2 protein chains.
Amino acid sequence: MMKPYLLILICLFLRITVSAEPSINPIPIKWELGYAKTATEAPSNWIPSIVPGAVQLDIAKAEKYGPLCYAENWKDYRWMEDQFYTYRTSFSKPALTSGERFVFVSKGIDYQFTIYLNGEELLSQEGMFTPVLLDLTDHLKENNELKIQIYPAPKLYPSPVDRSQASHSVKPAVSYGWDWHPRLIPLGIWDDTYLEVQPANHIDDFHVNYTLNEDFTKAELNLQLAGRNLNGLPFVWTLKDDKGLEVLKSEGKTNLSFPNPQLWWTHDHGQPYLYTSTIQLLNASGKVIQTLESKIGFRRIKLVMNEGAWNEPKGFPMSRSVSPAQVELNGRKIFCKGTNWVNPEIFPGIMTRERYNDLLTLAKDANFNILRIWGGGIVNKESFFELCDEKGILVWQEFPLACNNYPDDAHYLSILKQESASIINRVKKHPSLALWGGGNELFNAWGGMTDQSLPLRLLNSQCYEMDPSTPFIPTSPMMGMGHGNYVFRDLNTKEEVFSNMARAHYTAYTEFGMPSPASVEILKTIIPKEELWPPKPGGSWESHHAYKAWVGSTWLCQEIIEDYFGTSNSLEELVANGQLMQGEGYKCIYEEARRQKPYCSMATNWCYDEPWPTAANNSLISYPSIPKPGYYAVKNACRPVLASVQLSKFKWSEGELFFADVWMLSDLPKDLPSGKVKIKLVAGTTELVLLNWEYNPMKANVNQVGPTVRCKLPAWSTDRFKVVLEVEGHPEYNSEYTLAYQPRSVESKRTTPVMNQ
Amino acid sequence: MMKPYLLILICLFLRITVSAEPSINPIPIKWELGYAKTATEAPSNWIPSIVPGAVQLDIAKAEKYGPLCYAENWKDYRWMEDQFYTYRTSFSKPALTSGERFVFVSKGIDYQFTIYLNGEELLSQEGMFTPVLLDLTDHLKENNELKIQIYPAPKLYPSPVDRSQASHSVKPAVSYGWDWHPRLIPLGIWDDTYLEVQPANHIDDFHVNYTLNEDFTKAELNLQLAGRNLNGLPFVWTLKDDKGLEVLKSEGKTNLSFPNPQLWWTHDHGQPYLYTSTIQLLNASGKVIQTLESKIGFRRIKLVMNEGAWNEPKGFPMSRSVSPAQVELNGRKIFCKGTNWVNPEIFPGIMTRERYNDLLTLAKDANFNILRIWGGGIVNKESFFELCDEKGILVWQEFPLACNNYPDDAHYLSILKQESASIINRVKKHPSLALWGGGNELFNAWGGMTDQSLPLRLLNSQCYEMDPSTPFIPTSPMMGMGHGNYVFRDLNTKEEVFSNMARAHYTAYTEFGMPSPASVEILKTIIPKEELWPPKPGGSWESHHAYKAWVGSTWLCQEIIEDYFGTSNSLEELVANGQLMQGEGYKCIYEEARRQKPYCSMATNWCYDEPWPTAANNSLISYPSIPKPGYYAVKNACRPVLASVQLSKFKWSEGELFFADVWMLSDLPKDLPSGKVKIKLVAGTTELVLLNWEYNPMKANVNQVGPTVRCKLPAWSTDRFKVVLEVEGHPEYNSEYTLAYQPRSVESKRTTPVMNQ
């Protein structure tokens with residue numbers, strides 16, 4: 001392990017600061033990669049390296065490994081986590097005019113590394129989120145060799161081989177193996193990295209800090225420049241609106257007032273308005289030395305008490321009221337609909353703006369206004385946040401702690417302090433940032449941390465000092481929030497999602513899952529033909545998380561699916577029924593959470609995407625960005641306005657008294673006129689109209705309770721039927737729900753789900 | 001309001017630092033006091049002032065007010081909160097040798113003030129906990145006049161006249177009126193204050209920081225000196241044991257190892273071992289310039305998860321587990337028995353070491369090992385903490401926030417930062433410090449703060465930065481802790497304390513009250529003869545909190561007392577029955593909390609003392625330090641070892657099946673042999689032996705469950721009976737409980753308490 005104090009001294013000496021701004025004039029580097037078993041051994045072989053990326057991908061390419069996602073090929077990559085890697089590149093001394101500096105810039109190197117120029121150690125660092133800005137000028141020779149030695153993946157101990165190995169480092173725990181992520185630990189240069197000639201005077205980092213006044217009619221701005229030799233140098237800063245018109249200008253003043261700013265809103269509550277901020281650094285004679293451009297959005301975000309939450313608890317002895325979970329954006333309480341985002345790649349170094357854009361476009365289309373960036377994974381690259389800013393999607397950013405007991409240890413705390421400072425400094429600029437979170441499930445038994453854990457007290461302190469206007473919570477779930485369930489019906493009590501949710505009482509459902517198999521097309525690309533049918537534990541199905549992933553037979557859950565619909569005759573049938581149940585289950589939770597508004601203020605499912613093609617998973621999107629049918633079900637459940645029913649169970653029998661509570665749900669920030677909903681049951685080609693409900697005019701952002709529809713179920717010859725809601729003149733509000741059905745003639749040999757336990 | 005930035009600049013310029021050490025050579029000051037309606041008006045009259053004290057006490061003395069505690073005299077003092085006060089004193093220029101400085105030192109001036117020397121403003125400060133160290137040297141004339149102008153009590157608004165007026169200042173809220181504290185807001189110089197000639201080189205503040213290794217075999221020490229012109233000056237530091245033998249010495253080294261330190265324990269778990277630390281500052285020729293002596297105790301304190309708490313909650317959706325409340329001292333989990341300490345004086349400026357000692361001696365005698373210093377009051381003077389260190393009593397110190405919504409306001413935050421820094425820097429030196437608390441009941445509806453409130457995030461950050469090894473909780477109750485009830489039976493549900501506690505499930509009962517009237521002797525000193533009997537609302541009884549204090553007829557609760565024992569025929573009878581019920585109610589809670597060990601780890605009643613003689617209150621001690629009968633009941637319930645019964649209700653009838661569960665309780669840190677308990681009922685002179693229980697050998701710090709004793713209650717002619725437990729050969733473990741009894745012959749016209757609701 002490193003000596004933290006030495007590291008800090010080196011960092012100070014070499015002037016490492018955060019630089020999230022694009023380079024003026026980057027010089028591309030041609031990298032080579034080698035590896036060895038020990039730190040002192042020289043690599044015997046050098047292969048081409050693609051940067052940013054991961055050492056594993058370079059080796060796989062050079063050594064012609066089988067496709068990572070196919071069958072159990074991933075196991076061939078396992079040895080790579082324990083090697084020492086060296087990146088190298090050569091360059092001639094550049095011509096520098098007076099005062100110019102030649103710098104090495106990297107936005108992220110994963111995880112522990114030492115940088116050498118011509119054999120001289122210039123920097124040793126632990127931490128993938130703290131960018132490197134190394135001034136090479138005074139160390140240059142005519143011909144130069146830059147080397148970066150990367151240490152093996154950090155592990156607390158050799159075994160058990162699981163996520164707890166990551167509990168003493170600021171390395172995302174997910175890559176140590178999760179129920180939907182193979183054990184593969186990325187190493188290497190994972191974000192933009194280049195050489196650059198910089199002028200003698202240089203802005204390394206620029207912030208526009210602001211405070212909005214109470215009624216949002218004024219922003220008080222403070223311009224904050226950091227860099228080299230900036231003292232007394234003139235600068236010009238301008239703010240342009242979204243049409244490119246200049247609306248504010250400063251010549252050297254750092255404090256300004258900006259009247260009547262357009263506010264940044266989530267896409268469903270207004271426009272995610274962005275201004276363009278441009279700072280130009282001038283030399284003494286007024287010539288522009290450097291220009292930095294970025295976007296800025298003005299918004300105020302708070303986490304306030306949920307409506308009704310102060311009325312609890314009741315009676316003595318009395319504990320505290322729950323933690324607040326209601327997001328208030330620009331003074332408006334908004335219901336957060338969203339999802340848990342996980343690394344979309346096993347090796348996030350290859351993530352690009354385009355890949356982020358595909359996934360974020362789908363997220364916006366799904367009517368999501370918030371993403372929880374789960375603490376088991378990385379903090380995404382800049383383009384992710386830029387796209388969230390543009391698309392009007394809030395980001396709940398967790399620090400890289402998950403399901404582990406991170407220690408009160410001086411070394412760990414020093415690295416966490418460094419890494420969190422880098423993360424906060426970079427991400428706080430984004431209007432989409434809604435919430436800092438300490439990490440995932442840290443206050444539950446399997447996390448084992450408490451309010452007293454120093455890493456979480458440190459993170460609270462860091463966020464308070466550096467970004468006090470953004471809410472901070474130490475973990476999710478907090479008191480009053482709920483995580484789970486992750487299956488259609490509980491594996492022990494067999495209670496279904498319908499009754500479980502109806503009796504749940506939480507301020508926010510911040511994780512809930514509903515598994516489904518991947519589509520047959522995807523399964524065929526990852527499971528060898530001979531294993532494809534029937535699915536079974538061991539081999540590729542298990543490697544791709546269909547078996548022994550969480551508990552029970554997750555995530556395929558074949559016996560639950562077949563308990564409702566009978567033994568599947570084909571892979572196609574199994575997949576179709578599993579995907580249907582995912583959609584119906586997710587709809588139930590999103591819509592029930594919305595019915596519980598305003599006490600409830602958030603619903604974010606587990607999980608959105610996945611880092612490789614799973615065979616079965618809770619995700620809505622198959623790798624890389626292929627929506628499952630469940631995605632469309634959730635998209636419908638999250639529409640601003642819809643007709644909805646509260647169902648009590650999934651399977652119904654002929655002659656049984658069917659009932660369902662009808663609702664109109666609205667998160668729309670404006671009033672709506674009255675209307676009419678037709679509720680009918682549809683089985684095959686048979687239709688049965690139950691009711692025409694005339695609902696009253698709807699207040700902005702308020703739901704309306706309707707009647708309970710009831711009917712004795714007729715004899716149908718199908719194994720399923722639909723509840724269909726049609727809103728007159730507003731097909732965009734229509735909804736439908738598919739339920740399992742059992743005709744009297746069919747002798748049931750299946751377990752009936754146990755309800756209301 | 002003040003300009004905080006200006007204040008900070010002034011403070012820096014004038015070198016204000018903390019000086020908790022005694023002065024070498026204090027020059028006493030003769031003060032005079034005057035007051036005026038406005039800031040600019042000069043006082044028309046000057047009266048003698050006693051410092052430390054309060055302006056109100058000086059005026060009352062000079063203007064011959066009636067005794068504060070008698071009848072409703074306190075109302076005559078109310079006007080004083082709105083005046084501008086000026087302290088003044090005169091002195092000649094002292095003779096100073098080369099480099100010597102002449103300084104003004106005050107450990108506390110309450111609350112907002114400006115200090116002038118010869119008409120020149122030297123300091124303006126808001127905050128009573130930040131000491132003043134003013135170097136006057138360069139401002140001296142031949143004849144000098146020092147003036148301190150004190151502003152009126154801070155109020156957010158003129159009305160309502162209640163504690164919420166204090167919600168934007170770091171002024172203890174209690175003096176704005178509480179259910180046991182009259183509305184009287186102290187102002188003035190409230191802690192030691194003097195002039196002093198100091199050498200050119202001077203230690204203002206000295207800390208011995210230490211870390212204990214995992215098995216307590218070594219302490220790593222760091223000596224931290226702050227002051228004037230200390231650079232490069234030699235010093236000698238020694239550590240002496242409790243026999244005065246030198247065990248460690250440093251000549252100029254600031255980092256030292258100390259092998260095998262004697263640990264500091266609470267009095268019930270070991271010896272509160274204190275070493276003597278002496279630092280001597282030398283000049284270049286080796287002569288001692290300054291000597292500072294203080295005590296130091298070595299201990300490690302943590303707040304860890306309560307046993308069994310990780311098993312909750314169960315089922316999905318799942319929230320977090322509770323906050324930890326188990327105190328671990330030097331690696332040992334200890335059950336905390338204690339009480340809530342409130343200001344022992346309305347005007348805490350007159351508190352002395354002797355007064356603290358009286359109360360703390362009683363606290364130790366009551367078997368208390370922890371005091372919660374409630375956030376509605378002040379942070380006590382140094383002698384309080386020194387005595388807790390000596391007596392081995394833990395201190396849970398809250399910051400001065402209580403039952404208010406303290407704002408996310410820049411000015412308030414800046415004062416809170418300054419004041420909390422001063423408090424932490426002073427108090428963290430004491431081994432008795434167990435826990436920092438943000439304040440009282442801030443996360444309940446009447447507090448209205450949340451996890452997001454910036455004042456509490458600031459306090460976490462301050463404590464983390466300045467004293468990370470001491471636990472911090474933002475408020476009490478936290479999740480899993482309980483506050484209340486405060487009456488023998490619930491005012492709405494009429495559920496008695498017995499059944500309420502039996503079904504309670506909390507990690508810590510950090511506030512619970514049980515009212516009783518004051519003794520007749522005390523009542524006669526505060527209630528005029530003509531009002532004394534019968535008690536009634538309005539007038540002196542109400543002024544002294546017998547009526548309209550909290551809710552219902554608190555705190556006298558005459559109707560509850562008489563519901564059990566019939567209409568009182570005299571003040572003596574009412575008081576006796578009320579005091580009996582306080583004792584029995586408190587015993588029930590302390591002993592039930594102990595029975596719930598290890599899930600439960602703490603019981604601290606509301607409240608210990610009181611700031612003036614109340615007519616009725618939850619306190620165990622009447623003003624100034626007169627134990628009530630309830631004190632002795634609690635003292636018995638908190639013995640390290642005792643025989644105990646769990647009762648189900650207070651009143652029993654002839655012929656009814658009486659039952660009670662027998663226990664042996666032990667918090668003793670060592671094993672005990674087996675023994676025998678005789679359980680009997682005693683009514684008047686009649687005895688009925690129910691059982692001789694032979695209990696097994698007892699493990700250290702573990703309770704033992706015994707049998708349930710049962711019997712049909714015989715006919716007695718009394719209105720009460722006792723359950724008596726006698727432990728053979730160990731009368732110090734004996735216990736007894738008094739219960740109300742109703743013979744069949746007596747027709748009841750009273751309400752029967754409702755049970756098990």
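Reader: What distance separates the centres of domain 1 of chain A and domain 3 of chain A?
Author: The centres, taken over C-alpha atoms, are separated by 29 Å. This is a predicted model, in which local features need pLDDT of at least 70 and side-chain atom pairs count only at pLDDT 80 or more, whereas totals for chains, interfaces and linings use all residues. Residues are numbered from 1 along each chain as its sequence is written, and chains are lettered from A and ligands numbered from 1 in the order in which they are written.

Reader: Which domains make up chain A, and what makes each stretch a domain?
Author: Chain A is divided into domain 1 (4–198), domain 2 (202–296), domain 3 (323–521 + 558–637) and domain 4 (641–742). The bounds come from an automatic or database domain assignment.

Reader: How many residues of domain 1 of chain A are in contact with domain 3 of chain A, and what makes a contact?
Author: Two residues are in contact if their C-beta atoms, placed from the backbone, lie within 7 Å. By that criterion, 31 residues of domain 1 of chain A are in contact with 38 residues of domain 3 of chain A. The side of domain 1 that touches domain 3 has 19 nonpolar, nine polar and three charged residues. Here Ala, Val, Leu, Ile, Met, Phe, Trp, Tyr, Cys and Pro count as nonpolar, Asp, Glu, Lys and Arg as charged, and the others, Gly among them, as polar.

Reader: How many residues of chain A are in contact with chain B, and which elements of chain A give two or more residues to that side?
Author: In this pairing, 44 residues of chain A are in contact with 44 residues of chain B. On the side of chain A, the elements giving two or more residues are helix 6 (454–466), strand 27 (472–473) and strand 28 (481–483). Helix 6 of chain A provides the largest share, seven residues. Helices (H or I, at least four residues) and strands (E, at least two) are DSSP runs, numbered from the N terminus.

Reader: Why is one side of strand 27 and of strand 28 of chain A left without a neighbour in the sheet?
Author: The open sheet of eight strands in chain A has the order 27-26-25-24-23-31-29-28, with parallel pairing. Strand 27 and strand 28 stand at the edges with a single partner strand each, so one side of each has no neighbour in the sheet.

Reader: How do you know that strand 25 and strand 26 of chain A pair?
Author: Two strands pair if DSSP finds at least two bridges between them. Four bridges join strand 25 (residues 394–398) to strand 26 (residues 433–437) of chain A, so the pair meets the criterion. A:Gln397 has A:Trp436 as its bridge partner in strand 26 of chain A.

Reader: Why is B:Glu121 called exposed?
Author: A residue is buried if 20 or more other C-beta atoms lie within 10 Å of its own, exposed if 12 or fewer, and partly exposed in between. B:Glu121 has 12 C-beta neighbours inside 10 Å and therefore counts as exposed. B:Glu121 is in strand 8 (residues 120–126) of chain B. Not counting residues up to four places away in sequence, B:Glu121 touches B:Thr114 and B:Tyr116.

Reader: Why is strand 25 of chain B called largely enclosed by the rest of the structure?
Author: Five of the five residues of strand 25 (residues 394–398) of chain B are buried, so the strand is largely enclosed. Both faces are covered, with B:Leu394, B:Trp396 and B:Glu398 on one side and B:Val395 and B:Gln397 on the other. Strand 24 (residues 370–373) of chain B runs parallel to strand 25 of chain B and is joined to it by four bridges. B:Trp396 is the bridge partner of B:Arg372.

Reader: Which residues touch the most other members of the largest nonpolar core, and what makes a set of residues such a core?
Author: A nonpolar core is a set of buried Ala, Val, Leu, Ile, Met, Phe, Trp, Tyr and Cys residues joined through C-beta atoms within 7 Å. The largest such core has 402 residues, of which A:Val395, A:Ile589, B:Val395 and B:Ile589 touch the most other members. Leaving aside neighbours within four places in sequence, A:Ile589 is in contact with A:Val497, A:Met501, A:Tyr509, A:Phe512 and A:Ala603.
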